[in-house]
Amino acid sequence: MGARAVITIDGPAGAGKSTVARLLARSLGYLYLDSGALYRAVAWQASRLGLDLGDPRALSSFLAEFKPEVTSDKEGFHLWVNGQEISKELRTPQVSRAASRVAVLPRVRRWVKERLRHLARAGGVVAEGRDQGTVVFPEAEYKFFLDAALPTRAARRRQDWQGADSPPLMENIMAEVAARDRQDETRAEAPLAIPQGAIFIDTTDLSIEEVVGQCLARIRAS
Ligand code: C5P
C-alpha cells in the first residue's frame with residue numbers, strides 16, 4: 001500500500017458506507033470525509049435561510065459565502081456553522097430529501113467537490129459518497145463500491161429511528177430509500193455508478209467488521 005493513499009467508498013443509502021469508511025479511516029490513521037454531510041449542510045443552511053432549493057442562482061450566491069468548518073476525528077466527520085456543531089441536525093429525513101434535491105445542481109456539486117479535494121490535498125483520506133471514485137477522486141489508489149438488497153438497506157435506515165416515539169413504517173422507509181436511489185442514479189450530473197476499477201462488495205449478509213476486513217485485506221494485498 002502506498003503512503004497516504006486516497007480511498008473511495010461509494011454506494012447507495014444504507015449500504016454501510018459511512019460506518020465502513022469511518023472504521024477504515026480509523027484503522028489506517030486516515031481522515032474520514034463524508035461527502036453526503038456536505039450536501040446535507042448546504043440543504044440545511046439554505047432551507048434555514050428560506051432559499052428556494054430548486055433555484056440554482058439563489059444557491060449559487062449563497063454558496064459563494066457559505067464556509068462551514070470541517071473537522072474529522074475518530075468519532076466521525078463534523079460540520080460547524082458560526083461556531084456551532086450542526087452534524088446531528090443534518091440527520092433528519094427532511095434534510096435527506098432536501099440534500100438529494102440540491103445534489104442535482106452542478107454548482108452545488110462543484111462546491112462540494114472543491115471542498116473535498118482541498119481536504120484531501122495531502123492524501124491519507126477515506127472519502128465516502130456517491131461519486132467519489134467516479135468524479136471527485138477518479139485517480140484514487142483504492143476504490144470500493146458497497147451495495148445491499150433494498151430491504152436490508154431500509155432496515156439499517158430504520159435503526160436511525162431507534163428510540164423515536166413513532167418510527168415510520170418499514171414500507172415507507174423502503175419507498176423513501178428507493179426514491180432516493182432513483183434520484184441519485186438518474187440525475188444528469190455525477191449519477192451514482194460503480195467507478196471503473198472499483199471492488200464491488202455486497203454487504204447484505206456481512207457484518208460491518210467483515211466488510212472492513214475485506215477492504216483492509218484488498219488494500220494490504222496490493
Ligand atoms: O450519504 P448521505 O445519505 O448523507 O447523502 C445525502 C444525499 O446527498 C444523497 O441521497 C445524495 O442525493 C447526495 N449525495 C450525492 N453525492 C455524494 C454524497 C451524497 O449526490 N457524493
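The axes of helices H3 and H5 come within 9 Å and cross at roughly 15°. H3 and H5 are therefore roughly parallel to each other. This is a predicted model.

**Helices H3 and H5**
- H3 passes H5 in a left-handed crossing.
- On the H3 side, the contact is made by Leu59, Ser60, Leu63 and Ala64.
- On the H5 side, Arg107, Val108 and Trp111 make the contact.
- By class, the residues where H3 meets H5 are five nonpolar, one polar and one charged.

**Helix H4 and its cover**
- Helix H4 spans residues 93–102.
- Its buried residues are Val95, Ser96, Ala98, Ala99, Ser100 and Val102.

**Helices H4 and H8**
- The axes of H4 and H8 come within 10 Å, crossing at roughly 15°.
- An angle under 35 degrees counts as roughly parallel, so H4 is roughly parallel to H8.
- The crossing of H4 and H8 is left-handed.
- From H4, the contact draws on Pro93, Ser96, Arg97, Ser100 and Arg101.
- From H8, the contact draws on Glu176, Arg180, Gln183 and Asp184.
- Sorted by class, the contact of H4 with H8 holds one nonpolar, three polar and five charged residues.

- Three strands form an open sheet in the order S3-S4-S5, with antiparallel pairing.
- Strand S3 (69–73) and strand S5 (84–85) are the edge strands, and each pairs on one side only.
- S3 and strand S4 (residues 76–81) run antiparallel and are joined by five bridges.
- Glu69 stands opposite Trp80, a residue of S4.
- Helix H2 lies across S3 and S4.
- H2 runs at about 25° to S4.

Key
Residues numbered from 1 in each chain as written. Predicted model: local features only at pLDDT ≥ 70, side-chain atom pairs only at ≥ 80, totals over all residues. Heavy atoms only, no water. Buried < 20%, exposed > 50% of the residue type's maximum accessible area, 1.4 Å probe, protein only. Helix = DSSP H or I, 4+ residues; strand = E, 2+ residues; numbered from the N terminus. Pairing = 2+ DSSP bridges. Contact = heavy atoms within 4.5 Å. Axes fitted to C-alpha atoms, helices over the stretch in contact; angles between N-to-C directions. Parallel < 35°, antiparallel > 145°, perpendicular 65-115°, else oblique. Left-handed = near helix turned anticlockwise from the far one by under 90°. Nonpolar A, V, L, I, M, F, W, Y, C, P; charged D, E, K, R; others polar.
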